[in-house]
Amino acid sequence: MLQEIDRVIQQYKGKPGSSIPVLQRCQEIVGYLPPEIQKIVARGLKTSAAEIHSVVSFYSFFTMKPRGDHNIRICLGTACYVKRVEEVLSKIKDNLKIDVGEVTEDKKFSIETVRCLGACGLAPVMVIDEETYGAMTPKKVPEVLAEYS
Amino acid sequence: MEKYRANLLMCAGTGCVASGTPKVRAAIEEELIKKGLENEIKIVLTGCNGFCAEGPVMLVYPEEIFYQKLTVAEVPKLVEEHFLKGRPYEKLMFKDIEKRHAIPLMNDIPFFKHQVLRVLRNKGLIDPDSIDEYIARDGYMAAAKALTEMSPEDIIKAIKDAGVRGRGGAGFPTGLKWEFASKSVADQKYMLCNGDEGDPGAFMDRSVMEADPHSVIEGMIIGAKAIGSSKGVIYVRAEYPLAVQRLQNAIDDCRERGLLGNDILGSGFSFDLEIYLGAGAFVCGEETALMRSIEGQRGMPRPRPPFPAHKGLWDKPSVLNNVETLAQIAPTILNGPEWYRQLGTEKSAGSKVFALTGDIRNVGLVEVPMGTPLKTIIYDIGGGMKNKKKKFKSVQMGGPSGGCIPEELIDIPVTYEDVVKTGAIMGSGGMVVMDEDTCMVSTAKFFLEFTADESCGKCTPCRVGTRVMLDMLTDITEGRGREGDIETLQDLSNDIIATSLCGLGQTAPNPILSTIRYFKDEYEAHIHQKWCKTGICSDLCSFEISEDVCTGCGACARACPQGAIVGEKKKPHSIIQDLCIQCRSCYDRCAFQSIKIGPAKEKDKTAVAVKDQEE
């Protein structure tokens with residue numbers, strides 16, 4: 001894993017403004033960005049750990065907590081809001097017994113909320129890993145989750 | 001080129017893919033082989049068709065028959081009827097809701113009939129991954145014209161004369177922006193594209209990038225020539241993986257064909273571009289913040305001047321245009337300013353793409369001339385309310401920076417000026433329609449949650465002010481509203497507008513101001529009577545069944561998660577108030593509208609707890 005990170009850093013080294021792409025790639029590799037990784041990136045890009053941390057903490061794409069094997073992203077955009085995505089979200093929370101930003105005990109699922117996935121035509125929408133589920137209802141939640149367990 | 005008897009244009013936009021395009025496509029392919037038709041009929045995957053709610057959709061050429069809501073189970077029948085026997089398959093066609101008959105041709109469907117396609121000219125018609133298909137539809141002719149026959153001044157004049165205005169929200173004249181950057185002297189200039197579509201409820205940029213990526217690239221090439229830039233960046237949200245993939249593919253194809261890189265088309269002009277993935281921050285839609293983000297920093301806005309046209313990305317002159325703006329550049333250059341001005345009004349020329357969503361029947365992307373009445377968009381194209389029994393209440397335009405337009409203003413023509421007068425803004429073109437069951441205080445709270453969360457924190461009025469207003473709105477929706485709250489909200493709003501640096505803070509209070517302006521009675525009912533008339537704020541309502549309307553069908557009793565509804569079959573039911581948790585399930589379920597929503601009632605809270613324990 002560290003070798004892969006090193007390769008990414010070497011590829012971008014010296015290129016101005018590369019911290020965000022490097023962090024994106026690192027998060028793909030590791031799954032999240034703990035302080036140790038941030039320090040490695042900072043050293044590699046010859047900048048301070050504070051600088052890197054300021055970027056990581058600013059953008060919602062970056063996470064410092066590990067995610068579950070299957071990451072559930074629930075859209076809280078306007079169209080989904082109007083179509084009552086809240087009810088779907090609470091059903092998922094009840095089912096998995098975790099809150100937004102948490103991981104289930106067996107590390108299988110984690111829940112995140114996002115601001116508009118741009119699939120408003122299908123509202124309410126959620127995405128598990130890369131798969132999009134549209135027109136969600138609380139009723140559909142158990143069967144969708146069952147696909148992943 | 002091989003010839004086919006029919007082409008099946010299947011939508012492969014994000015919406016239809018999620019609704020099942022890949023599975024249906026595989027089923028059709030299999031079925032065609034089974035029937036021995038695979039050499040006569042070709043399947044083409046296109047970008048977003050726009051009619052997302054009816055997905056997966058498919059258009060059959062040459063007849064132009066439109067099929068919707070395709071399922072794997074219906075495929076054998078469809079193939080046999082239409083492609084073997086030549087009888088279009090009515091069951092999968094769009095149905096007219098009143099007359100109950102099927103509408104076979106796409107252009108006869110009201111959703112499509114009122115549209116004019118300029119930005120979306122290639123939507124659903126070409127394979128977005130094929131540069132040849134784009135070129136076959138006059139693609140890159142405008143770029144060739146701009147690079148070989150026109151001077152930068154000619155290009156800028158054409159765009160200025162056409163009256164093209166930025167489609168990202170503020171509506172700044174594009175030609176003027178280009179002129180400023182063109183006059184700046186520097187060794188390097190940047191041509192940037194804003195694909196960081198952050199407004200919740202708007203998805204036209206995603207759709208354009210997915211359905212017609214070359215139209216954006218062509219616009220950028222022309223813009224680059226106008227301002228004298230050799231480097232471009234497309235900033236795209238990481239949440240749009242399909243758009244990124246199609247853009248990258250389009251860029252690679254352009255490089256191979258010599259449409260990007262050194263000495264494009266032998267004109268001596270060089271330009272190349274790359275994609276930069278955003279990392280999820282709404283404020284990065286603001287131009288200076290976006291540029292900081294490309295530089296690898298926190299995306300926080302900075303004061304202007306200096307404007308990006310003088311000092312932008314890496315302190316070099318830069319122009320940032322929205323995806324939709326860039327997509328209309330090529331046809332404008334090719335057909336001239338007069339053509340562009342054929343649509344729209346004097347100050348708001350051309351056409352605009354809107355994303356229709358919410359409680360409306362026809363959800364999807366529509367492109368209409370500027371100045372089209374709001375009513376036409378919502379009723380003729382949108383088909384009115386999804387639930388015919390519900391009344392239209394309001395349409396939200398402009399996302400978290402915009403406002404809610406009430407029913408009495410539904411006749412306004414949609415132009416930059418007219419929309420601003422209502423307290424909303426054009427924004428990127430999201431239109432979220434709400435029916436009478438929507439609580440406007442909760443809606444304002446929803447947007448404040450968004451802006452409080454997305455405020456970058458640089459300016460105190462925005463950072464703290466949005467939080468304070470959000471707390472007040474939360475109090476109001478939970479029954480802790482006090483006398484004077486409305487006035488305090490208005491005061492705070494005006495302060496935040498006056499003292500924030502960027503567009504985010506300056507517009508964050510708009511949802512509050514516009515809902516107070518048109519729905520003040522709702523705020524008052526929440527505060528004084530502790531009554532949310534829509535039953536959305538569960539602490540501020542109670543439910544009762546009117547005995548004279550109730551038919552005793554029992555649907556509500558089955559829907560109630562608390563078992564709080566009792567009554568004999570075919571006789572009026574009633575609700576045990578102490579057990580009711582105001583979840584609104586009965587209200588949504590009742591087909592006879594017999595459930596009435598009243599103000600909050602004092603109740604024995606232990607009853608619910610006791611019941612929970614028993615279970």
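Two strands pair if DSSP finds at least two bridges between them. Helices (H or I, at least four residues) and strands (E, at least two) are DSSP runs, numbered from the N terminus.

## About this model

This is a predicted model, in which local features need pLDDT of at least 70 and side-chain atom pairs count only at pLDDT 80 or more, while totals for chains, interfaces and linings use all residues. Residues are numbered from 1 along each chain as its sequence is written, and chains are lettered from A and ligands numbered from 1 in the order in which they are written.

Let's begin with confidence in chain A. Its mean pLDDT (the predictor's confidence in each residue, from 0 to 100) is 91, and 100% of its residues reach 70 or more.

## Chain A: domains and sheet

Chain A is assigned domain 1 (2–58) and domain 2 (70–146); such bounds come from an automatic or database domain assignment. The C-alpha centres of these two domains of chain A lie 29 Å apart.

Chain A also has an open sheet of 4 strands, in the order β2-β1-β3-β4, with mixed pairing. At its edges stand β2 (109–114) and β4 of chain A, each with a single partner strand, so one side of each is left without a neighbour in the sheet. Neighbouring strands are turned by 20 degrees against each other on average, direction ignored. If you follow strand β3 (residues 126–128) of chain A, you will find that β3(A) pairs with β4(A) in the antiparallel sense over 3 bridges. There, I128(A) has E131(A) in β4(A) as its bridge partner.

## Chain B: a parallel sheet

In chain B, 4 strands make an open sheet with parallel pairing, ordered β9-β8-β7-β10. Here β9 (272–277) and β10 (318–322) of chain B are the edge strands; each has a single partner strand, so one side of each is left without a neighbour in the sheet. The twist from one strand to the next averages 20 degrees.

Strand β7 (residues 190–195) and strand β8 (residues 231–236) of chain B pair in the parallel sense over 6 bridges, and Y190(B) stands opposite K231(B) in β8(B).

## Where the chains meet

Counting residues as in contact if their C-beta atoms, placed from the backbone, lie within 7 Å, 31 residues of chain A are in contact with 41 residues of chain B. On the chain A side, the elements giving two or more residues are α2 (19–30), α4 (49–58), α5 (78–82) and β4 (131–133).

Conventions
Two residues are in contact if their C-beta atoms, placed from the backbone, lie within 7 Å. Axes are lines fitted to C-alpha atoms, for helices over the stretch in contact, and angles run from 0 to 180 degrees between N-to-C directions.
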